[in-house]
Amino acid sequence: MKKLDWYIIRKFLGTFFFSIVLILSVAIVFDLTEKIDEFFENQAPLKAIIFDYYLPFIPYYMNMFSSLFIFISVIFFTSKLANNSEIIAMLSAGISFNRIMRPYMISATFLFLLFASLGGYVIPKATGRMLDFQDQYIQKFTSENARNIQMKVEPGTILYIETFQKRSKTGYRCSYEHFEGKQLQMRITADRIVYVEDNHWRIENYTRRTFNGLFEDVQKGHKLDTIIPITPDELFITAEEAQEMNNQELRQYIRRQTERGAGNTKAFETELHRRFASPIGAFIMTLLALSLSSRKVRGGMGKNLGIGIALSAAYVLFSTVSSTFSVTGAMSPFMAVWLPNFIFLAIGIYLYTKAPK
């Protein structure tokens, strides 16, 4: 590490964090102006507004728009270096462009590790508080009722509930079926199913049919206690709650829902891929911005800044739009999340070949 490396790293990280503070401060002011009426109407406590909404707001949106901040920061200070002929001086002194790139990539590695750690383990916990606040005081997105629930709770065992009420922990018109291979062995239909505790469920007004070849044994009863490895909370998990889970919880949830045959894992798989694709964008945005802004141009840094903001905005927009393709099933979660990185990496490599060497 030379003085030049530390000089560029300080410029990179200093500009990056300064831009974050500046832009997020403006964003908070606009958000507060927009939502202040709802805060008063729903009587949101000042403590909750500060610590449960705006405190998690900062790392959440900092992580979401990290690629944009990185791109603008590199474009800004590198254009300034180029306009001051510092890049020309480095190249004239025999320093290669690849050597100049080293401190940029060291800084990008630091930001990659920072946002990968924050996005995987720190931000989900904070996001949970922010979403709970939004659900209570701004716009409710959770539901008290679930309909047409069907899932594989164990290998060969299928549970179906037509309607389930979260508040009373009661479901109506349900069936519980057990298969061995493709052969139906037992089927229980009931008017009601009630969650007691610790995976303990009570089936009421039931009819139980046991099949043995061509023979069928029918039993009817008022109450039947059984163990079903599922809790009511698992019936009400929404796509928004994927942001509240850390990486390990996301993997466990996806694996469990896949084993159960549930089809609501696309949003969760997309969120898991995004937590790795977004930090990787630090390297891509750094390569793009450095290659674009390292050449001294007439008119100062305005042109580079304009192109940089347009490219970074296109990257964020493309990433957001492509993620919706995964949720709708048009693309796989992997391809939907990583496709913007592949495209902008190709653009970055092209600009790198055109950069002054």
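1. Asn341 is in contact (heavy atoms within 4.5 Å) with Ala277, Ile280, Gly281, Ile284 and Tyr315, leaving aside its neighbours within four places in sequence. Asn341 lies in helix α9, residues 333–354; helices (H or I, at least four residues) and strands (E, at least two) are DSSP runs, numbered from the N terminus. Asn341 counts as buried because its relative accessibility is 3%, where buried means under 20% relative accessible area with a 1.4 Å probe and protein chains only.

2. This is a predicted model, in which local features need pLDDT of at least 70, side-chain atom pairs count only at pLDDT 80 or more, and totals for chains, interfaces and linings use all residues. Residues are numbered from 1 along each chain as its sequence is written, and side-chain values use heavy atoms, with hydrogens and water left out.

3. The protein averages a pLDDT (the predictor's confidence in each residue, from 0 to 100) of 84, and 94% of the residues score at least 70. Where pLDDT is low, the predicted coordinates should not be read in detail.

4. The count comes to one cavity of 30 Å³ or more. A cavity is a set of points on a 1 Å grid over the protein atoms alone where a 1.4 Å probe fits but cannot get out; points are joined across faces, edges and corners, and volume is the space filled by probe spheres set on them. The largest cavity has a volume of about 30 Å³.

5. Lining residues have an atom within 4 Å of a point; for the largest cavity they are Asn63, Phe115, Gly119, Arg274, Arg275, Ser278 and Pro279. α7 (266–293) and α5 (97–138) each supply at least two, and α7 gives the most, with four residues.

Definitions and conventions
1 Å grid on protein atoms, 1.4 Å probe; cavity = no way out; pocket = protein on both sides within 12 Å on 5 of 7 lines; lining within 4 Å. Buried < 20%, exposed > 50% of the residue type's maximum accessible area, 1.4 Å probe, protein only.
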